[in-house]
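Please open the structure in your viewer and keep the selection tool at hand.

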Amino acid sequence: MRITLVGPAHPYKGGGARHTTELAHRLSARGHSTAIESWHAQYPSLLYPGQQTITDPEAETFSGTRHRLAWYRPDGWWRTGRRLARRSDLVVLTLFSPAQIPAYLGILAGLCSRRERARVVALCHNVLPHERRSADVSLTRALLRRVDGIVTHSSEQALLARGLLRGDQADPVVASMPPHLPETGGAVEQPCGERRHLLFLGMVRPYKGVDLLLRAMAEGAPDDVTLTVAGEFWGGTEELSALAEELGLGGRVKLRDGYVPAEELPELFAGADAAVLPYRSATATQNVWMAHEHGVPVIATRAGTLPDHVREGADGLLCEPGEVEDLARALREFYTPGMPEKLRGGVRPVDPGPHWDAYVGRLLSSA
């Protein structure tokens, strides 16, 4: 089959680009003629104020990648669709944000301008954003009602998508997110013993719950335990810095603003007893697997698919999303004598092969 993935790839950063690229490699390994249509300019800076691209790839790049799509060139969207109608049997539109949808609608218009066209699947990393704008629902509805198949990463997301479809459309296919981790070299050799330090890693946005983590730290963590929050702060560090001071945590919390490149991850994880994921809501994340790849247990909420990847009491602890008291309880439990080393001893790196085999099979079945 001739398959084209439309989505971010290197030099775009983060999990989205890694996922699109790894999916292309997996499809190609199965014998499919695979290509990626990626972006020259994906978002205007007004919509994505953080760092959009990186210099060094975080995983093996895919040779069949083109970078011609631009948010400011609608004519290019239509031309891409016309070309894909001739050269593809299946087009997969990877949806991360409604900001991509106008371009995707343009590509669909180009595809539909030919009598025979490829089948089109929307691969929804997020059906709708965690923090929504007024036009997000109507844009997403317009896209999902025009495609031939839909893939989501959880049953909850599939239900959300079902509510946006026409009555005659098939139900979305659920395919659990597979591992697409950056190449870091894995865990750094460290002496035994507690670090008395916790790590939050990733984009800092309200739904990620860092404010809840600070309040839980003040309520439940031992006084000598510190925290690093490392990642791009969507709205700046001022509000969280002020909250840390208000809670008496000013000397215990480090806010490290900026994208964390892959080569810095081993050292960050090596200094932590646990990675904490205090999300209010979630679809799917790589951060549990990333922590385990570096030998670190996880404290996470039961949001989205997070509890599917944490074996409570074996390689991590779970708590309820949005509840400071329960997160504080988990922090206290984690630092009971012997618990950090017990959970660290239960951590095992994930085997990506079976996850990807199942994922690719589900994706192809949706077409």
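Begin by selecting Ser38, which has a relative accessible area of 0% and is therefore buried. Please note that the model is a predicted one. Which residues does Ser38 touch? Leaving aside residues up to four places away in sequence, Ser38 touches Gly7, Pro8 and Ala9, together with Thr65, Arg66, His67, Arg68 and Leu69.

Next, select residues 74-87, helix H2, and residues 101-112, helix H3. Two packed helices are described by the angle between their axes and by the distance between those axes. Here the axes of H2 and H3 lie 6 Å apart, and the helices pack at an angle of about 45°. For this reason H2 is oblique to H3. The crossing in which H2 passes H3 is right-handed.

To view the contact itself, display the side chains on both helices. From H2, the residues Trp77, Trp78, Thr80, Gly81, Arg82, Leu84 and Ala85 take part, and they meet Pro102, Ala103, Gly106, Ile107, Ala109, Gly110 and Leu111 of H3. Sorted by class, this contact of H2 with H3 comprises nine nonpolar, four polar and one charged residues.

Finally, select residues 298-301, strand S12. Val298 and Ala300 point one way from the strand, whereas Ile299 and Thr301 point the other way. Are these residues buried or exposed? All are buried.

Key: Residues are numbered from 1 along each chain as its sequence is written. This is a predicted model: local features need pLDDT of at least 70, side-chain atom pairs count only at pLDDT 80 or more; totals for chains, interfaces and linings use all residues. Side-chain values use heavy atoms; hydrogens and water are left out. Axes are lines fitted to C-alpha atoms, for helices over the stretch in contact, and angles run from 0 to 180 degrees between N-to-C directions. Helices (H or I, at least four residues) and strands (E, at least two) are DSSP runs, numbered from the N terminus. Angles under 35 degrees count as roughly parallel, over 145 as roughly antiparallel, 65 to 115 as roughly perpendicular and the rest as oblique. A crossing is left-handed if the near helix is turned anticlockwise from the far one by less than a right angle, and right-handed if clockwise. Contact means heavy atoms within 4.5 Å. Ala, Val, Leu, Ile, Met, Phe, Trp, Tyr, Cys and Pro count as nonpolar, Asp, Glu, Lys and Arg as charged, and the others, Gly among them, as polar. Buried means under 20% relative accessible area, exposed over 50%, partly exposed in between (1.4 Å probe, protein chains only).
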